[in-house]
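Please read them alongside the coordinates.

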Amino acid sequence: MTLMGLLFSSRKKAFAAVAVLSVLSAVLSVAVLAFISQRLLAGGADLPVVLLQFVLLLVALFVTATLAQVTLHVLGHRMVYGLRRDLVRRVLATDIEQLEKVGGPHLLAALSTDLRNLTIAFVHLPELVYGAALSVAALGWLAWLAPGLFVVTVVWLLATAVMGVWLVGRINFHIGKVREGDDHLYQDYQAMIDGRKELALNRPRAARFFDEEFDGHARAYRDHVTRADIYNGLAGNMANVLVLALIGVLFYLAVGQGWADANTASIFALTILLLRTPLIGAVAALPTLLSARVSLRKLAGLQLAADSADLLQSTSNTLSGFSTLSLQGVCYHYPEQDGAPGFAVGPLDITIRRGELIFVQGGNGSGKSTFARLLTGLYRPQQGELIVDGEPVTESTRVAFRQLFSSVFTDFHLFSRLLKGDGTDVASADVDAWLATLGMQHKVREQDGRLSDIRFSQGQRKRLALLMAVVESRDCLLLDEWAADQDPQFRQFFYLDLLPRLQATGKTIIAITHDDHYFDRADRLLKMDAGRLQEIDDLSARESVQVLREASL
Ligand SMILES: Nc1ncnc2c1ncn2[C@@H]1O[C@H](COP(=O)(O)OP(=O)(O)OP(=O)(O)O)[C@@H](O)[C@H]1O
């Protein structure tokens, strides 16, 4: 969609008002010129009246031009605000598979660079709209004054525009590269922030990262943005010189060749000088408009979910109270990379009964976390089905299905806001009780529905993430290697005391774990191996897993 289309589609009436006001102020600008040439310069006895009319004309011009610009500015910034809201809502509604495909740095670049480009373009839009209206009004007047000179003017301006097309193509090319450069730079910033410890400990790595990755991208960005600006400057200068040349040509044709009198030629010159400012302004605004066009394309390329009114309304847990939850023939392939096939999981067949405590074990990279993402509905099975109490999960029930789960994944994010699963506030007493259970009561407290602090060690942050998950009071709790960062005492407390306590409240618990000492605490033990799931159903087999594991250590 174009900028104008975007603006027009959402607020038709306001846009129409701006257009009318712009045309009116442009007509008034030309009227001021006409008044100067026809009335003021003519002189006469009624000068006070003429001056009063002149002042009134100027006041009318000031009011309409200001109204047009203010309305367009307000409209433009509202538009950007709406776009920002839509974009964030759509990101929140988009499946994590797509978000992972796009990647964090690209999303950040879209949310910052693309929105900024659109904002800047909207700031320049008033000049363009006004310039276009002024050009039409001024050319109309010139056509009425001297048709011959008008035709020359139009042909000259069109020839200028045709010459400008090549330059616009070059500017557009470099603007596209600048936007790609933004994506690379965001990737570098992300690596620099996430890898701060590694880079601080290894200065040679930091130096090579700076020279080979960041600096290369920053230089490419600099070169493209410089070229875009040079071509733009060239376009501006060319427009300026050709417009001035046009004045010379018009004077020559009028006075030299007798096409019109000197007075008409002067009026043409005055009018073209009046047009020069918006014309140069339009050329100067070109890169911002081209950037906005590239940004609109980039935003469309993210393939985010469509926005809809009920997107963020809290989903009632319509599937609450399930008896069984099954995966039937569920398969999932990661996309291939550099010609190599992606990792494949499945077919997975498993039925989980309400209230069970299930452990999932398996080697690194065997597919446990992928299984967890499929089970929780975060990944869409490419084959097979999720089934709740005999009913397949469909597109319309997928979001509700996800609301069955609370989770602590290995790459969890710790929010400070405490919320129940239905989006309501958590009772302070519950939070305090859980803080005490998790041994965090002296470190952090609940304050206005938030945790007073979240800057803790990884093990402590995981305890708070568990607190967040349990106060949600959802039916199922999924924990991905939760105990891996806990000290031995708390790990023991977790397996022997906390999990049974949570299970006693009716929760179904699926815990991915390598802690084979506690495998016998689960109702069921599942093993993931090269993307296939098998159930280890007798204790002796569980012990053999344990013995094998100990032997391999
Ligand atoms: N985002 C991704 N894109 C492509 N492939 C992926 C992605 N995430 C995981 N994989 C592939 O899937 C395989 C299984 O990953 P998964 O995270 O499910 O393993 P895991 O059993 O949880 O491992 P670990 O015990 O090390 O956490 C990985 O070896 C990797 O090849």
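1. Two strands are taken to pair if DSSP finds at least two bridges between them. Helices (H or I, at least four residues) and strands (E, at least two) are DSSP runs, numbered from the N terminus. On that basis Tyr332 stands opposite Val345 in strand 2. Strand 1 (residues 324-333) and strand 2 are antiparallel partners over seven bridges.

2. This is a predicted model, in which local features need pLDDT of at least 70 and side-chain atom pairs count only at pLDDT 80 or more, while totals for chains, interfaces and linings use all residues. Residues are numbered from 1 along each chain as its sequence is written.

3. The antiparallel sheet is open and consists of four strands in the order 2-1-4-5. Its edge strands, each pairing on one side only, are strand 2 (344-353) and strand 5 (391-392).

4. The protein chain is split into domain 1 (3-301) and domain 2 (324-404 + 475-552); these bounds come from an automatic or database domain assignment. The C-alpha centres of the two domains are 56 Å apart.

5. Helix 6 (residues 147-194) has 48 residues and should span 70 Å at 1.5 Å a residue, which agrees with the 67 Å between its end C-alpha atoms. The expected span is 1.5 Å times one less than the number of residues. Helix 6 bends by about 30° at Val165, the bend being the angle between axes fitted to the seven residues ending there and the seven starting there. Its buried residues include Leu167, Ile171, His174, Ile175 and Val178 (buried: 20 or more other C-beta atoms, placed from the backbone, within 10 Å of the residue's own).

6. Helix 9 (residues 262-301) has 40 residues and reaches 57 Å between its first and last C-alpha, close to the expected 58 Å. Helix 9 has a kink of about 40° at Leu286, shortly before Pro287. After helix 9 comes Gln303, with a positive phi near 50°.

7. Strand 6 and strand 9 (residues 476-480) run parallel and pair over four bridges, with Ser406 opposite Leu477.

Notes: Buried ≥ 20, exposed ≤ 12 C-beta atoms within 10 Å, placed from the backbone.
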